[in-house]
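Colleague: Please take me through the side chains of this model, with the rules behind each value.

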Amino acid sequence: MTKLLTIDDTQALTTKQVHDLYRRHVNRSQVSLMTSFGFGRELVDRAEGAYLYQHDGRRILDFTGGVGVLNHGHNHPRILAARRRFQEEQRMEVHKTYFSPYVAALGHNLAQLLPGDLSQSFFPNSGAEAVEGAVKLAYKYHNGSRQRVMRADIAFHGKLLGSGSLTGQAQETFRFPGIEGVVPYPYGDLDAIRAEIAKSRTAKGESDVYAILVEPFSASTMQSCSEEFLRGLRALCTQEDIVLIFDEIYTGWGKTGSLFYFMRYPDLVPDVVTTSKSFGGGKSSISAYVAREPVFRRAYDNMMDALLQSTSTTYYGFGEETATAIEAVNIVVEDDYPARARAIERVLAPGLERIAKEHAETVTEVRGAGALHGVFLREGPKVLELAAKLVPGGMTRDPRFLTKLITSSVVNALYRDHDIYAYYTLNGRNPLVAAPPLIVEQPEVERFLEALDKTLAKGLPRLLTRFVQEKVSSLW
C-alpha cells in the first residue's frame with residue numbers, strides 16, 4: 001500500500017530523515033552544499049520577527065532579511081491575521097473569469113503610492129515573471145517593430161529563460177537559451193548607452209531598442225546609479241521612445257531608505273517598475289509590474305490583446321496572495337519602513353566603516369544604502385594561495401569559487417560562533433551581506449557588528465582553514 005506522509009508525519013521528521021528525502025526526491029547535491037555551511041545541519045522549529053528557533057534549542061538572529069523577502073520579519077502578526085481572516089471567511093481563492101476585489105484594491109494602492117502615472121498593474125508570482133512581463137509589455141508597445149533590449153553588464157533579473165538572458169552575471173556553469181536581441185551596457189554609463197543606440201538605428205534612422213532595463217540599486221553587487229545617470233537615461237528614453245524599466249524587486253518597500261530606491265529623486269518616473277520579494281510580506285509569493293498608463297494602454301488596452309499581458313495565467317486573481325500584499329503594503333506605510341531602514345543605516349553604516357578601518361588587512365570596502373550593505377573581503381594572494389591548497393583542484397568551473405569560499409568562512413563563523421545567520425551575494429565580488437529585516441532594533445544591529453568584529457579579528461587564514469577542514473571537506 002502506498003504510504004503518504006501527513007502534515008503530522010512531516011512535522012515529526014528528524015533532520016536525517018529530511019536530508020534522506022531531499023537526496024532521494026529533491027537534489028542530492030543540494031544537501032551536500034547546504035550542510036557544508038552548517039545551516040542545513042539542523043531544522044527550524046519556528047520563526048518570529050528577526051529570529052529562527054531551531055530543533056537544537058538555538059535562537060538564531062536572521063540578518064539575511066530573507067534575501068529581500070522579509071522586510072516585515074518572520075510571521076508578522078498582522079500578516080498572519082490577514083491570511084487567517086481570508087481563510088476563516090472562506091473567501092474565493094482563484095477563478096480567472098471573476099473579478100477580484102483584492103486585485104482591484106492592490107492595483108489602486110500601488111497607483112496611490114507610486115509617482116506620476118504609474119497606475120497599471122499586473123500581478124504574477126515571482127520577480128523573474130514580473131521582469132519578463134515588463135519586457136513583453138515593452139515589445140508589444142512597439143508592436144514588434146523593434147528587436148533590441150538593453151541590460152547592464154552587472155544586472156540580475158532572474159533565472160528563467162528570458163530573465164536569465166537579461167542577467168549580466170551568469171551564476172551557472174551551463175548556458176541556457178534566451179531571448180534574442182539582448183545588448184549589454186556598462187552599469188551607470190550613459191555615454192555607452194547612447195553609443196549602442198546610435199549603432200542600432202534602422203534604415204529609417206529610428207532606434208531599434210524597445211526597452212532598457214536597469215536596477216537603480218544593484219542588490220547583488222551593492223552598486224547604485226547616480227541621479228545624473230537615471231535622469232539622463234529617462235530623458236534619452238523619452239527622446240527615443242524607448243520603454244524604461246526599473247527593476248526594484250529587492251529594493252522596494254523601504255529597504256534602502258525610500259519606498260523604492262528611485263523615489264529618492266523627485267519627479268523621476270520610469271515607464272515600468274517591477275517589484276516582488278517583501279511585497280508578499282514574507283508569506284505570499286507575489287510580484288508586480290506597474291506601468292505608466294499610456295504605455296500600458298497602447299500595448300494591451302483593446303479586446304484582441306487584453307489577455308496577452310505577461311501571462312493570462314489560470315492562477316490569476318489569486319485572492320489570498322493579493323490580500324496578503326494589501327496588508328503588507330499597508331504595514332510598510334503605517335509603520336514607515338523607509339524611516340526604519342534609515343534608522344538601521346545610522347547604526348549599521350558607521351559600524352561597518354569602523355570595522356573596515358580596524359580590519360583593513362581583511363576588508364577592502366563597505367557600501368550600501370538603508371538596511372542593505374555589503375562587506376567586501378580582501379582577496380590577498382596569501383589567502384587565495386591558502387584556499388587553493390586546502391581545496392582539491394578541479395572541483396569547480398567557477399572562476400570566483402575561492403573568493404566565495406573565503407566569504408563563506410566568515411558566514412560560517414558568524415553562524416557557528418555567534419548564532420547569526422548571514423549570506424553573501426553570488427554576483428559581482430561576492431560581498432558578505434548585512435540586510436536585516438526592517439523590524440530589527442538598534443541592539444540587534446549592534447550585536448551583529450560586534451560579532452563581525454570578533455570574527456574578522458581571528459583572521460581569514462584561520463577562518464578559512466577551519467571552514468574547509470570541518471565543513472567543506474565533507475563534500476568530497
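**Surface patch and aromatic rings**

Colleague: Which residues make the nonpolar surface patch of about 370 Å²?
Modeller: Patch residues have over 30% relative accessible area and no salt bridge, with nonpolar side chains (Val, Leu, Ile, Met, Phe, Trp, Tyr) joined within 5 Å and like charges within 9 Å. A salt bridge is a side-chain nitrogen of Lys or Arg within 4 Å of a carboxyl oxygen of Asp or Glu. Areas come from the Shrake-Rupley method with a 1.4 Å probe, and for residues only the protein chains shown count as cover. The patch of about 370 Å² is made by Leu161, Phe174 and Phe176.

Colleague: What kind of model is this?
Modeller: Residues are numbered from 1 along each chain as its sequence is written, and side-chain values use heavy atoms, leaving out hydrogens and water. Local features need pLDDT of at least 70 and side-chain atom pairs count only at pLDDT 80 or more, while totals for chains, interfaces and linings use all residues, since the model is predicted.

Colleague: Is Phe176 buried or exposed?
Modeller: Phe176 sits in the loop between α7 (161–165) and β6 (182–185); helices (H or I, at least four residues) and strands (E, at least two) are DSSP runs numbered from the N terminus. Buried means under 20% relative accessible area, exposed over 50%, and partly exposed in between (1.4 Å probe, protein chains only). Because its relative accessible area is 54%, Phe176 is exposed.

Colleague: How many aromatic pairs does the structure hold?
Modeller: Rings of Phe, Tyr and Trp (its six-membered ring) pair if their centres lie within 6.5 Å; planes under 30 degrees apart count as stacked, over 60 as edge-to-face and the rest as tilted. The number of aromatic pairs in the structure is eleven.

Colleague: What is the arrangement of Phe217 and Tyr261?
Modeller: The ring centres of Phe217 and Tyr261 are 5.5 Å apart. Their planes meet at 50°, so the pair is tilted.

Colleague: How many residues apart are Phe217 and Tyr261?
Modeller: Phe217 is in strand β8 (residues 217–218), and Tyr261 is in the loop between β10 (243–247) and β11 (272–275). Phe217 counts as buried at 3% relative accessibility, and Tyr261 is buried with a relative accessible area of 5%. The pair links distant parts of the chain, with a separation of 44 residues.

Colleague: Which helix holds both Phe296 and Tyr300?
Modeller: The ring centres of Phe296 and Tyr300 are 5.7 Å apart and the planes lie at 65°, so the pair is edge-to-face. Both residues are buried. They are four residues apart, about one turn of the helix, in α10.

**Helix faces and salt bridges**

Colleague: Why are the buried residues of α2 said to be on the same side?
Modeller: In helix α2 (residues 15–25), the buried residues are Thr15, Val18 and His19.

Colleague: Which exposed residues are on the face of α2 turned away from its buried side?
Modeller: That face points away from the buried side of α2. The exposed residues carried there are Lys16, Arg24 and His25.

Colleague: How many residues apart are Arg78 and Glu334?
Modeller: The side chains of Arg78 and Glu334 meet in a salt bridge of 2.8 Å, N to O. Arg78 is in helix α4 (residues 77–88) and Glu334 in helix α11 (residues 319–334). This pair links distant parts of the chain, and its separation is 256 residues.

Colleague: Which helix holds both Arg194 and Asp191?
Modeller: Arg194 and Asp191 form a salt bridge of 3.1 Å, N to O. Arg194 is partly exposed at 39%, whereas Asp191 counts as exposed at 55% relative accessibility. The two lie three residues apart, about one turn, in helix α8.

Colleague: How many salt bridges are there?
Modeller: Among the linked residues, Asp117, Arg234, Asp271 and Arg292 form a network of salt bridges. Counted by the rule above, the number of salt bridges is 29.

Colleague: What is the phi of Asn430?
Modeller: Most residues other than glycine have a negative phi. Asn430 lies in the loop between β16 (423–424) and β17 (432–434) and counts as buried at 1% relative accessibility. Its phi is positive although the residue is not a glycine, with a value near 55°.
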